[in-house]
Amino acid sequence: MYLDNDRRPTLTPQLAVRVALIGGIALVAFAAIFFRLWYLQVLSGDRYLAEANDNRVREIKVQAPRGEIVDRNGRTLVDNRAGMAVELTPDGLPKTLPERRELYARLGELLAMRPKAIERDVEPELKALPYSSVTVKEDVDAPLVWYLLEHQDEFPGVEPERVFLREYPHRETGAHLFGTVGELNERQKNDPRYRDVELGDRIGQSGIELEYDRFLRGRNGASRVQVDALGNLNRRLKFRDPRQGSQLRLSVDLDVQEAGQEALQGGTGKGAFAVMDVNTGEVLGLGSEPSFDPNIFAKTVKKRDLDRVYSDDLGSPITNRAIQGGYPTGSTFKLVTATAALESGIITPDTPLVDTGSLTVGGIPFSNAGGVSHGVLALRQALTVSSDVFFYRLGLQANSTGDGLALQHWARRLGIGRSTGIDLPNELPGLLPTPKWRNRLFEAGDTDRPWSEGDNVNLSVGQGDLKADPMQMAVAYAAIANGGRVLRPRLGQRIEDASGRVVQQLEAPTARRLEISAENSQAIMDGLRGAASAPGGTSTPVFEGFPIDIAGKTGTAEKGLGRADQSWYVALAPYPDPKYVVAVTDEAGGFGAATAAPMARRILAALFGVDEDALVSGGASQD
Amino acid sequence: MNATPVAHFRDRGVRVLPIDPLLLVAALGLVAVSLYTVATATQDDIPGDPNYYLTRQAGYAGVGIILMLLISRFDYSRMREWKMGVYGLMIAAILLVYALGFSARGSKRAIELGVINFQASELGKLLLVLSLSAFVVDRMRRLGDRETTSRIMLVALFPAMLVIGQPDLGSGLVYLAIAVAVLFVAGTRWTHFAALGAIGVLAVVIVLLAAPAMGVEVLKPYQVDRLTAFLNPSDDPGAEGYQINQSLTAIGSGGKTGRGDDATQTRLDFLPEHHTDFIFSVVGEELGFVGAAIVLSLFALLIWRALRILTMSKNLYGALIAGGITAMLMFQVFVNVGMTIGIMPITGVPLPLMSYGGSSVLVTFMALGVMQSIYARARETASVKGL
């Protein structure tokens, strides 16, 4: 069977050499593999183990909802709702910019955004934080989310993400207080206040949200997850629950707030009000009209909405007139003039002065409203009937007594023309006219004349260059009512956990204390009480039949240039031991008694729980 | 060899052919490690069926062992007479894949045969060894001629080119390695090997450098990428370098004693092909240096026994077959393991007895059956001669 040449008796030397060679090759190869394995596993094992762990572990941020904001009775003013945002996760995005641009173009079409705008928003953030995701659009509709999920391969790296969006159930009511929430921006990144905040986290950007951000801001949770090669979640390794921010209880009373804004809407639609506890500085209401719906800021704000809230034609709804107004105050300023005159000894509460109906200063006649003459009167009566001439005289005398700045000194002490220090950002100080101020303007050529005594006469009744806002007036009136304490108004009352348990009481800051004699402030209080109750009192008819005793002052500020007068009312109640001050103004309401005083009455009704409808049906009101 | 006549007659009486126990131990040991590794590496791959790959691999191994034992009883020398039929069968099977083959991952390599996808190129490895050795034996008298060397190489190159065209570059290279080994064992002159080596270098240069430069695509771009990626895996960690990097990470993270059930690279799918071509990486990650060393030792044992059988063979045909099979095993082990540790290109060569896959497991066991047959005939002849 076997052929000759297939017989091979023994191992030839030649074959032995060749087999040895094959064995040698095997030996060398095994040696190479062993050395390589030794290097990989024994010498570099730790490094590769770290790499393997890097491979599989991803940290996913779990957004914490912000704390809710409630009113003094626990009613929700600001809460959260869950929404879907479209985010880009760097892991999944195309690696090159041209590819990403194509993605932005597709995404732009889907989200109705300009691709350029997406690129401008996203690219810098990707550079700054290459591993954390970037929000493209907040609050997208569910069908769009489904579309994205069904077409993942067309949108690599695009992922819908659950986010919490602020919600303002009362819409326009209190809109100016809360402010907005937005992502931490480049500029804020280095602020030590935001040490724990990551780029892309949402923080308070204005209003209460900004002021109390450190309480409202929650602590984001983190989920360390194990992912497989495709990035699919495989196992949760460690989870730190997101912690919702603390609840913030404001001193605001939603009813008062609503009443105030409704009252303002019933006027010319442009105005503001402030309601404060005269003893504690707690603000029960602070509103400005026109208002806006803060829900537009809860997600990426639309250009159209933004234009609207900043539109001057629409009265600049974003402006908080209660702390940024800057208006002449009219006769409501007489409280300041009275305090200055009494405390600097120009008059006593009983010093009689003659009101002949007008006073000529520097050749210019200053007259009472309507040209009436009130005859001889002392301070109480002058406040009650709001005699301008009486206060003109005080202004005139103040200008020539001592350093001539008694009015300015006292106005300043009472907080006029300076920030009240309320716990809201962006307060404007307003303007208290002084000789120095006007003379400097004159020297700079910005005005036609230097300071004259006429300026002080104007100031004595809150006309002319004075710029103050309802919050400042409320603080000044409160100081007279509480024995000389100039309060810093506070909105924030306390920090609570979700169930309403107090975590931290927000301490009322210490008030500035003024030396005002009890006799003098009583005289002023009496005058204000008369103005709201005595026959001939400027607001007596407005408060007729109101079950709470009110002390209050009307104000009508001329704004010149044919513009309608600014209408003011500041009330202290209940007399004689006031608990609240209410300051309200309407930019074009005319006489204080005609517009602002009835608004104040509505607010006071809400404040004291007076059922106005019942009163009206009783026929007692003659509004 | 020093068996007494009594013992020798008793052996013959029950007709129990001897089997090389160490070769058997090495093969069974490797299959055992393979089953363990496949089981742990694939338990999450098929949802709801954690043992999908294990049961199949165990089935292949069982059938393979039976085939090995049957073949070891068979006299391999008969194959010499059927050399043309064997060679024809190989070519026909490969062509059948072209005709009927279905596309698996873009390449046609397998024919669906009920339970297993039959990979003709795997069976081709053994058929080539058997037929090529026979051709060489026939031409032994003219072994010194250049014509013999070139003819034998062409006979191997034809099926090699066919499977490379499938495209299965790895198997094609195995064919060439087999041819070189058979010639080497037969005693072909060194100068011929030098010439073959020069041609080989030239071919690599043409395929990888010259042809693409002239716009001719000999290999698919992904094949070129795979072949060159190991030189610089971090260049492109996203694509071809990815496999190598993940494999290195897997093996390296195994450390001295392995990560066992914490083997995340494998379990979380970071390592592609973890049950087939990259199964050695799984061993490295789960069992560490110790486990890898055990597997390599088993292969070393296997190769040692194979070389020993080569030297024992009662005839030249058996020696050439043993040489071809040894080369086939060595080439696959070194190229595969080298690939997983980043010192060899990715060519898609399975790790014999370890990688999941019916064709590879069955063919390797059949090859070992032939080895046992050579061993058995050698022992038998030795007994008859009373050596």
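Colleague: Which atoms and what cut-off define a salt bridge here?
Modeller: The structure is a predicted model. A salt bridge pairs a side-chain nitrogen of Lys or Arg with a carboxyl oxygen of Asp or Glu, and the two must lie within 4 Å.

Colleague: Is Asp465(A) buried or partly exposed?
Modeller: Buried means under 20% relative accessible area, and exposed means over 50%. Arg438(A), at 5%, counts as buried. Asp465(A) has a relative accessibility of 26%, so it counts as partly exposed.

Colleague: Which residues of chain A are joined into one network by salt bridges that share partners?
Modeller: A search of the whole structure finds 37 salt bridges over all chains. Through shared partners, some join into one network, made up of Arg66(A), Arg166(A), Glu209(A), Asp213(A) and Arg217(A).

Colleague: Where in chain A is Glu138(A), the partner of Arg202(A)?
Modeller: Arg202(A) and Glu138(A) form a salt bridge whose closest N and O atoms are 2.3 Å apart. Both residues are buried. The pair is 64 residues apart, with Arg202(A) in strand E7 (residues 202-204) and Glu138(A) in the loop between strand E4 (134-137) and helix H5 (142-150) of chain A.

Colleague: Which helices of chain A hold Lys334(A) and Asp388(A)?
Modeller: Lys334(A) and Asp388(A) form a salt bridge, with the closest N and O atoms 2.5 Å apart. Both are buried. They sit 54 residues apart and link distant parts of the chain, Lys334(A) in helix H12 (residues 334-343) and Asp388(A) in helix H14 (residues 388-400).

Colleague: With which side chain does the side chain of Gln493(A) make a polar contact?
Modeller: Gln493(A) lies in strand E18 (residues 492-496) of chain A and counts as buried at 12% relative accessibility. Leaving aside neighbours within four places in sequence, Gln493(A) is in contact with residues including Arg72(A), Ser251(A), Glu282(A) and Gln505(A). The C-alpha atoms of Gln493(A) and Gln505(A) are separated by 6.6 Å. The side-chain polar contact, at 3.2 Å, is with Glu282(A).

Colleague: How far does the backbone nitrogen of Ala596(A) lie from a polar atom of the side chain of Ser567(A)?
Modeller: Ser567(A) lies in strand E22 (residues 566-573) of chain A, and its relative accessible area of 0% makes it buried. Not counting residues up to four places away in sequence, Ser567(A) touches several residues, among them Gly555(A), Phe591(A) and Ala596(A). From the side-chain polar atom of Ser567(A) to the backbone nitrogen of Ala596(A) the distance is 3.0 Å.

Colleague: How many salt bridges are counted between chain B and chain A?
Modeller: The interface brings 57 residues of chain B into contact with 40 residues of chain A. Across it there are 7 residue pairs in polar contact. The salt-bridge count between the two chains is 0.

Colleague: Which residues of chain B lose the most area to chain A?
Modeller: About 4,200 Å² is buried between the chains, and carbon and sulfur atoms give 68% of that. Together, 15% of what the side of chain B buries comes from Leu268(B), Phe289(B) and Phe334(B).

Colleague: Which helix of chain B gives the largest share of the side that touches chain A?
Modeller: The residues on that side divide into 30 nonpolar, 17 polar and 10 charged. Several helices each supply at least two residues, including H6 (120-138), H13 (279-312) and H14 (316-340). The largest share, 13 residues, comes from H13(B).

How values were computed. Residues are numbered from 1 along each chain as its sequence is written. Chains are lettered from A and ligands numbered from 1 in the order in which they are written. This is a predicted model: local features need pLDDT of at least 70, side-chain atom pairs count only at pLDDT 80 or more; totals for chains, interfaces and linings use all residues. Side-chain values use heavy atoms; hydrogens and water are left out. Contact means heavy atoms within 4.5 Å. Buried area is the accessible area (1.4 Å probe) that two parts lose on being put together, summed over both. A polar contact is a pair of N or O atoms within 3.5 Å; within protein, one must be able to donate a hydrogen and the other to accept it, and residues adjacent in sequence count only if both atoms are side-chain atoms. Helices (H or I, at least four residues) and strands (E, at least two) are DSSP runs, numbered from the N terminus. Ala, Val, Leu, Ile, Met, Phe, Trp, Tyr, Cys and Pro count as nonpolar, Asp, Glu, Lys and Arg as charged, and the others, Gly among them, as polar. Buried means under 20% relative accessible area, exposed over 50%, partly exposed in between (1.4 Å probe, protein chains only).
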